[in-house]
Amino acid sequence: MGKNQGKTVYTKDVILVMVASFFFMFSVMFVTPLINGYAISLGASSSFAGFVVGIMSVASLFLRPIAGNITDIFSKYRLSLIGGILIAIGIIGYVITPNSELLLLFRLINGTGFVLCTVCMTTWLGALVPRSHVGQAMGFYGLMNALDMAIAPAIAIDVYHTIGYRNSFVLAAVASILMIIVIQFVENHALPKVKENKSKKKFKLIQKNAFPVAILTALFAIPYFITQADIVTYAEQKHLDIHVGFYFVIYAIVLLGLRIVLKNFFDTVRFGIWLYAAAASMFLYLLLLAIMTNDLMMGLAAIGMTVGYGIIYSVLQSTALLLAPLEEQGLASSSFYMGIDLGMSFGPIIAGFIDTYLPIQYFYLVQLVLVPLVLIVYFVYRKQLNGAIDQH
């Protein structure tokens with residue numbers, strides 16, 4: 001385990017970066033459930049409103065490699081600061097925009113800041129902890145993100161019903177400004193690791209060692225984002241008498257407990273064990289969602305998703321960083337997030353095709369094909385992935 005386990009991992013700088021990441025992710029997740037309705041209220045058609053919502057994910061796919069490359073050139077503090085400022089500008093723009101066309105522009109600005117912050121702050125956190133504790137740090141970083149994804153949308157919806165769209169966005173803007181303030185107190189700005197051979201750095205789309213991680217991340221993310229987007233309508237179409245609003249609340253609570261219990265294992269257990277557990281859990285929760293008829297089955301499915309996505313998320317994130325050389329940590333981080341972007345972008349698209357061409361009872365059963373795909377990718381790259389833990 002290493003004698004550093006515990007106290008020395010969570011230094012002041014590490015805690016501040018985690019707090020800052022909570023604020024920036026909160027600001028982005030707070031806006032997410034409101035932006036579609038806000039665009040329509042500004043006069044956008046349903047199709048254009050959907051474009052406003054989706055442009056952030058599409059832009060992320062193109063911006064991730066750029067963010068990854070520049071993260072390995074400049075200090076993580078500087079880029080996180082720029083990212084935070086862009087998020088704040090974007091959200092303040094939501095408050096003052098008079099029409100949906102300008103809303104699209106501010107959405108792009110917000111999305112650019114989001115890409116910079118996710119890549120830079122992950123890499124920054126990885127640079128602040130010993131290599132032997134990267135897994136544990138990513139576990140708690142992922143927990144911050146999971147909590148934001150669970151609580152920010154719920155708060156946003158309640159607040160919107162009370163004070164309206166524009167005033168609600170002010171709260172998100174405040175959160176982004178708090179993120180900017182918090183990082184001012186981080187002493188270690190994580191300057192880039194530079195090779196002795198100072199030849200000109202080439203632009204890369206993806207970190208080659210992290211390529212299998214990106215593929216696996218996308219495969220695990222697809223059903224997660226499908227469920228996030230469609231579980232309410234799925235339950236309605238099947239006329240299920242369940243409290244579907246509690247699904248992601250259960251997910252977040254169980255994930256919090258598991259990440260705390262498993263924190264010391266993220267850096268000591270080989271990748272394959274996590275992979276098999278996650279693949280089995282994915283199969284379980286997809287099957288339960290396909291056949292669920294009551295709240296108990298829904299709750300068990302949510303618990304299955306905590307391992308089938310929530311836990312493997314952190315393992316994949318730390319594995320990407322461990323497989324990459326120190327001078328390409330930013331690129332490794334962006335490669336991981338490209339997998340998330342692929343899942344976020346194509347998951348709902350795939351769900352649309354399933355819903356259009358197949359009866360609703362097959363909606364989740366069809367997604368079970370992802371389980372053997374996960375296993376195939378793992379078997380092809382198993383030696384490389386299992387060797388990540390040796391890079392501590």
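## Basis of the description

The model is predicted, with local features requiring pLDDT of at least 70 and side-chain atom pairs pLDDT 80 or more, while totals for chains, interfaces and linings use all residues. Residues are numbered from 1 along each chain as its sequence is written, and side-chain values use heavy atoms, without hydrogens and water.

## Packing of helix 7 and helix 10

Helix 7 (residues 211-237) packs against helix 10 (residues 295-323) at an angle of about 155°, and their axes lie 10 Å apart. Helix 7 is therefore roughly antiparallel to helix 10 (a class for angles over 145 degrees). The crossing of the two helices is left-handed (the near helix is turned anticlockwise from the far one by less than a right angle). Helices are DSSP runs of H or I with at least four residues, numbered from the N terminus. Axes are lines fitted to C-alpha atoms over the stretch in contact, and angles run from 0 to 180 degrees between N-to-C directions.

Helix 7 contributes V213, L216, T217, F220, A221, Y224, F225 and T227 to the contact, and helix 10 contributes M305, G308, Y309, I312, L316, T319, A320 and L323 (contact means heavy atoms within 4.5 Å). Twelve of these residues are nonpolar, four are polar and none is charged (Ala, Val, Leu, Ile, Met, Phe, Trp, Tyr, Cys and Pro count as nonpolar, Asp, Glu, Lys and Arg as charged, and the others, Gly among them, as polar).

## Aromatic pairs

The structure contains 28 aromatic pairs (rings of Phe, Tyr and Trp, the last by its six-membered ring, with centres within 6.5 Å). One of them joins Y224 and F248 edge-to-face, at 5.8 Å centre to centre and 85° between the planes (edge-to-face applies over 60 degrees). This pair links distant parts of the chain, since Y224 belongs to helix 7 and F248 to helix 8 (residues 247-261), 24 residues apart. Y224 is buried, with a relative accessible area of 1%, and F248 is buried at 18% (buried means under 20% relative accessible area, with a 1.4 Å probe and protein chains only).

The ring centres of Y309 and Y313 are 5.7 Å apart and their planes stand at 65°, so this pair is also edge-to-face. Y309 and Y313 are four residues apart in helix 10, a separation of about one helical turn, and both are buried. Y224, F225, Y247, F248, Y251, Y309, Y313, F336 and Y337 form one aromatic cluster.

## Packing of helix 1 and helix 6

Helix 1 (residues 12-31) and helix 6 (residues 134-183) pack at about 40°, with axes 5 Å apart.

Methods:
Angles under 35 degrees count as roughly parallel, over 145 as roughly antiparallel, 65 to 115 as roughly perpendicular and the rest as oblique. Rings of Phe, Tyr and Trp (its six-membered ring) pair if their centres lie within 6.5 Å; planes under 30 degrees apart count as stacked, over 60 as edge-to-face and the rest as tilted. Buried means under 20% relative accessible area, exposed over 50%, partly exposed in between (1.4 Å probe, protein chains only).
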